[in-house]
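Please give me a short tour of this model. I have it open in a viewer and want to know what to select next and what is there.

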Amino acid sequence: MAPSKNINSEIGNERLERSIDMLMGSFSVPVKSDREEIWERISDSIGQDKEVAIVPLWKRSLRVAAILLPLIVVTSAGLIYFMGNTQINTPMGQQVTVLLPDSSSVTLNADSHLRFNSSTWFLFRSVVLSGEALFRVKKGKTFSVEAAGTTTQVLGTVFNVFSRNSEVRINCFEGRVRVTSNNSKTSVILEHGHATKLSKAVLTQPTRFSNENAASWTNGEFQFTNEPIGKVFDELARQFAVQIVINTNTNRLYTGYFNNQSLERALDLVCQPMGLTWELNRNMVIINTKK
C-alpha cells in the first residue's frame, strides 16, 4: 500500500505545479523605466490642464489695505470722538466760568453740569446743560444748548438758561435766540430783554424782564418774585453746600433776595419775612414755623 501512496503524491505535486505556473502566467510585470522617464511622466501628469497664478506682492498689500482701511478709519474716528467728550461739573457752593473751544464763555451756577465734544466742536457747536448757566457766544456757526426737552439756538449772543427738575427758563440779554420744545416742536423767537419758559412741553409767549436782576446770580445775588419758598431754599442749599430740612409749607410764595456771602445773613433774609426760624447743626439747616 505504501508504493500506491507515493505515486498518488507525485501526481498531486505535478498538478499543483502546473496550476501555479498557469496562475503566474496571467500576471504581466512592466518593464522598469529609468529615472528620467519616471520624472518626466510625473511632471506631465501634474502640469496637465492646470494653470498657476502668480500674484505680485504689492497687489496683495493693496487687497489687505482695502479690507483694513475702513476698519481703521471707523476705529480712529470713534477714538477721536470718545477722547473729545468733555463734562464740567460745578459742586454745590461754587460757580465756575469756562471757555469753550471757540472762546465762547459759560458761567455755571452751583450744582450744574455741562457736556460737549471738543473733537467735533468746529463742525457743530452744541452743549448739553443741566442746572443754570449764562452763555456769551462768539459769532460763527449755529450754537445750540440742549436742556430738559428744549433746544436753544443762536449765532452770537448772550443768554441765560435755567434747567432744573424739568423746569426750563431762557432769558435773552443780547441778540436773538430761537427756543424749541423738542416734544411739541413749537418754537419762539426771543429778542433781547425777553424770556420764555417751558410749561407742560409748551413754550410760553415771550415776556419782558429786568436785565439787572435776571443774571444777578453771576454776582452772587439771587432775586425772587413770587417764587415758592421751597425753590428759594433749594437755591440757598446749592450756594452754601448745606442740607436744608423744611418743616413748613414749601408752596408759600416769597419775594426778596439773598447773596452767597454769609449763610446766616441769607437765612435771616429769607426766613424773617416769612415768619420762619432756622437752626444750624453742622452741615444741616432746620427750618420751622415761628410758634
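**Stop one: Ser163**

Select Ser163 and leave out its neighbours within four places in sequence: Ser163 is then in contact with Leu129, Ser130, Gly131, Ala147, Ala148 and Val168, where contact means heavy atoms within 4.5 Å. This is a predicted model, in which local features need pLDDT of at least 70 and side-chain atom pairs count only at pLDDT 80 or more, while totals for chains, interfaces and linings use all residues. Residues are numbered from 1 along each chain as its sequence is written, and side-chain values use heavy atoms, with hydrogens and water left out.

Ser163 belongs to strand 8, residues 158-164. Strands (E, at least two residues) and helices (H or I, at least four) are DSSP runs numbered from the N terminus. Ser163 counts as buried because its relative accessibility is 5%; buried means under 20% relative accessible area, exposed over 50%, and partly exposed in between, with a 1.4 Å probe and protein chains only.

**Stop two: the cysteines**

Select Cys172, which is buried at 0% relative accessible area. Then go to Cys271, also buried, at 0%. The disulfide count is zero, a disulfide being a pair of cysteine sulfur atoms within 2.5 Å.

**Stop three: two loops**

Ala201 sits in the loop between strand 12 (194-199) and strand 13 (202-203). Its phi is near 70°, a positive value in a residue other than glycine. Ala201 is partly exposed, at 25% relative accessibility.

Finish at Arg282, in the loop between strand 18 (276-281) and strand 19 (284-289). Arg282 is not a glycine, yet has a positive phi of about 60°. Arg282 counts as exposed because its relative accessible area is 81%.
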